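Here is a short walk through a protein model. Keep the structure open beside the text as you read.

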Amino acid sequence: MKIKNIKIGILGLGYVGLPIAIEFGKKYNVIGFDTNKERVKHLLKKYDKNGDYSKKDFDNSKYLNFSNYINDLNTCNVFIVCVPTPVTKFKKPNLRFVKLACHNLSLILKKNDTVIFESTVYPGMTEEFCIPILEKKSNLLLNKDFYCGYSPERINPNDKKHRLTNIVKITSGSNTKTSIFIDNLYKSIIKAGTFRAKSIKIAEAAKVIENTQRDLNIAFMNELSVIFNKLNIDTSEVLKAASTKWNFINFKPGLVGGHCIGVDPYYLSYRSKLAGYNPKIINAGRLVNDQFVNFIANKSIYETKKIFPKQKLNFLVLGLTFKENCNDFRNSKSIELVKKLIKEKFVVHCFDPHIDKSDYKNFKKLNFKYQPKNNFYHCIIISVSHKYFKLMGQNKISTFLNRNGIIFDIKNTLPKSINNVYL
């Protein structure tokens with residue numbers, strides 16, 4: 001297929017799919033597809049609820065359109081799958097979105113079409129899970145009738161510095177010609193260049209270990225903070241001292257959630273177990289990070305009860321998204337923290353300026369506040385280091401505190417204060 005003749009269909013228009021659609025839409029005919037009718041309705045009006053793109057960005061992508069109907073993509077000859085790959089409550093890969101995308105694609109897949117997967121998966125999933133669905137339902141054969149590739153997403157939500165076009169893109173294909181075609185396709189929009197992996201499995205593995213590596217490094221920091229807490233040592237001061245060495249890696253403790261770091265290690269662990277090896281370090285890191293929310297909850301309760309031993313406690317949790325300065329709350333450990341405090345029968349209020357009021361319906365039994373109460377809370381937990389909270393500052397946030405109340409600043413959002421509690 002010649003690049004000038006391609007027409008691209010994007011399946012999934014979230015944090016990954018929309019950036020791809022926007023960039024390709026500047027040069028190629030692109031149709032973005034999503035099953036979420038409200039999302040498509042917004043995009044057709046050039047409104048991105050996630051706040052990553054303005055009307056001007058949509059205007060610059062002059063060959064881009066959006067649809068809820070999969071049949072609108074039947075004139076496309078390149079398909080890029082950007083759907084979520086979460087885990088189940090048992091920490092196993094939840095492949096229902098990928099399975100649905102493959103099923104939808106199989107209904108419109110034609111001879112000589114190319115399918116590229118961007119969703120994070122375990123090594124081998126494209127060839128072992130996705131391609132068989134496409135072949136069976138379309139009656140087409142890989143590398144004879146259609147072609148496949150894998151080019152993992154590296155999007156960092158709300159990161160204004162590391163954008164799609166200035167991050168090196170890993171590419172791969174089901175045969176040599178396909179891998180070259182896919183690599184050239186992405187090169188046409190990626191200013192930072194591409195890296196053509198030798199196989200689809202290598203590209204899949206490269207992606208999944210990127211987030212697993214970060215997960216393990218943060219788990220080490222979290223375990224250190226638990227140890228130092230027992231030794232009555234300020235973890236942030238220890239890290240400040242250690243970071244004076246040139247090769248010390250600068251990671252910090254915190255709640256690890258979201259749809260990447262808190263999920264991808266489970267995909268690698270799952271596939272490893274199927275291959276006959278139960279990974280020790282990966283599983284240990286996940287265990288530490290999953291249980292760290294218990295440590296935060298217990299420490300906040302302990303520190304507050306020291307001051308208010310006989311009172312019914314009121315808590316305020318500042319920040320519900322999975323990371324700072326974004327509105328994505330998928331797999332957020334801050335939400336899990338709130339639920340644990342509620343389970344202890346405390347009064348718990350939540351405030352997050354980045355979560356749209358229309359999304360409040362997604363948080364059952366969570367008491368959201370448009371404005372926290374003044375002089376009410378015995379403990380305020382700053383669980384996400386939003387810039388908004390930094391601008392509020394110590395004085396403003398302290399107005400929400402009951403007399404002698406404490407601020408538990410998990411991420412060192414505010415300047416150091418003798419009145420605050422830290423990890």
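Two strands count as paired if DSSP finds at least two bridges between them. In this predicted model, strand S9 (residues 314-318) and strand S12 (residues 377-382) meet that mark, with four bridges in the parallel sense. Look at Val317: it stands opposite Ile381 in S12.

Now step back to the sheet around this pair. Six strands form an open sheet with parallel pairing. Their order is S11-S10-S9-S12-S13-S14. Strand S11 (367-368) and strand S14 (420-421) are the edge strands, and each pairs on one side only.

Follow H10 to a neighbour, helix H9 (residues 264-274). What do the buried residues of H9 pack against? They pack against helix H7 (200-230) and helix H10 (281-307). The buried residues of H9 are Asp264, Pro265, Tyr266, Tyr267, Leu268, Ser269 and Ser272. After H9 comes Gly276, with a positive phi near 105°.

One more feature remains, elsewhere in the chain. A search of the whole structure finds one cavity of 30 Å³ or more. The volume of the largest cavity is about 60 Å³. Its lining has six nonpolar, four charged and no polar residues. Among the lining residues are Val16, Ile20, Leu164 and Val168, along with Glu118, Glu153, Arg154 and Lys169.

Notes: Residues numbered from 1 in each chain as written. Predicted model: local features only at pLDDT ≥ 70, side-chain atom pairs only at ≥ 80, totals over all residues. Heavy atoms only, no water. 1 Å grid on protein atoms, 1.4 Å probe; cavity = no way out; pocket = protein on both sides within 12 Å on 5 of 7 lines; lining within 4 Å. Points joined across faces, edges and corners; volume = space filled by probe spheres on them. Nonpolar A, V, L, I, M, F, W, Y, C, P; charged D, E, K, R; others polar. Buried < 20%, exposed > 50% of the residue type's maximum accessible area, 1.4 Å probe, protein only. Helix = DSSP H or I, 4+ residues; strand = E, 2+ residues; numbered from the N terminus. Contact = heavy atoms within 4.5 Å.
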